[in-house]
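Student: Could you take me on a close look at one part of this structure, the place where its helices pack together? I would like one connected walk through it, please.

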Amino acid sequence: GVTLDTVVDLKPPKKLTKEAKEKWNEIIPVLTKAGLISIVDQPILEDAFIQLGIAIDAINYVNANFKNYADYINSLNLCKGQLSLLSQYSVAMERFNGIMKKFGVTPYERGKIKLNPNKPDEIEATINDLKIIKGCL
């Protein structure tokens, strides 16, 4: 196989929404600290956080404009093929979560990742950082 250098610092892409950038700044530094991200991972991570931004925008629109989800669903004209923002939210979050699982952002997936055994203290600190990531999965 090919050995790729890990990325030490990965800035959020400019096209991310404000909320997606906030999550990027919460999650990506932890993954880079763990040595789990290489330069070839940047495009897929960018896609994941674009999907997160789409999901957040969709749910924020529904929450801001309707009393509850039932009112929103009743407002749709499904006969005209109107796509539900809740469906968009679901698809976007599924894609985001699927990508993030590949980077160990769940306890089960973290168990599959082999970190550098020469730095046990750093590894333990990083694993603890991953455990405290909130609100993404």
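Tutor: Happy to! Of the chain's 137 residues, 38% count as buried (under 20% relative accessible area with a 1.4 Å probe and protein chains only; over 50% is exposed, and in between is partly exposed). Please keep in mind that this is a predicted model, in which local features need pLDDT of at least 70 and side-chain atom pairs count only at pLDDT 80 or more, while totals for chains, interfaces and linings use all residues. Residues are numbered from 1 along each chain as its sequence is written, and side-chain values use heavy atoms, with hydrogens and water left out.

The chain has six helices and zero strands, taken as DSSP runs numbered from the N terminus (H or I of at least four residues for helices, E of at least two for strands). Among contacts (heavy atoms within 4.5 Å) with a separation of 6 or more, 68% are between residues 24 or more positions apart.

Let's begin with helix 1 (residues 18-33) and helix 2 (residues 42-65), which pack at an angle of about 135° with their axes 8 Å apart. Here the axes are lines fitted to C-alpha atoms, for helices over the stretch in contact, and angles run from 0 to 180 degrees between N-to-C directions. That angle makes helix 1 oblique to helix 2; the scale counts under 35 degrees as roughly parallel, over 145 as roughly antiparallel, 65 to 115 as roughly perpendicular and the rest as oblique. On the helix 1 side, the residues that meet helix 2 include Lys23, Trp24, Ile27 and Ile28, and their partners in helix 2 include Leu45, Glu46, Phe49 and Leu52. The residues of this contact divide into eight nonpolar, two polar and four charged. In that count, Ala, Val, Leu, Ile, Met, Phe, Trp, Tyr, Cys and Pro are nonpolar, Asp, Glu, Lys and Arg are charged, and the others, Gly among them, are polar.

Now turn to helix 2 and helix 4, whose axes come within 8 Å and cross at roughly 150°. That makes helix 2 roughly antiparallel to helix 4. The residues of their contact divide into 19 nonpolar, one polar and two charged.

What lies between these helices in the way of a core? A nonpolar core is a set of buried Ala, Val, Leu, Ile, Met, Phe, Trp, Tyr and Cys residues joined through side-chain atoms within 4.5 Å. The largest one has 24 residues, and Ile28, Leu31, Ile37, Leu45, Phe49, Phe96 and Met100 touch the most other members. Helix 1, helix 2 and helix 4 (85-102) each supply at least two residues of this core, and helix 2 gives the most, with six residues.

Not counting residues up to four places away in sequence, Phe49 touches Leu16, Ala20, Lys23, Trp24, Ile27, Ile28, Phe96 and Met100.

Glu46 lies in helix 2 and counts as buried because its relative accessibility is 19%. Leaving aside neighbours within four places in sequence, Glu46 is in contact with Pro13, Lys15, Leu16 and Trp24. Asn97 lies in helix 4 and is also buried, with a relative accessible area of 18%. The C-alpha atoms of Asn97 and Phe49 are separated by 9.9 Å, although the two residues are 48 residues apart along the chain.
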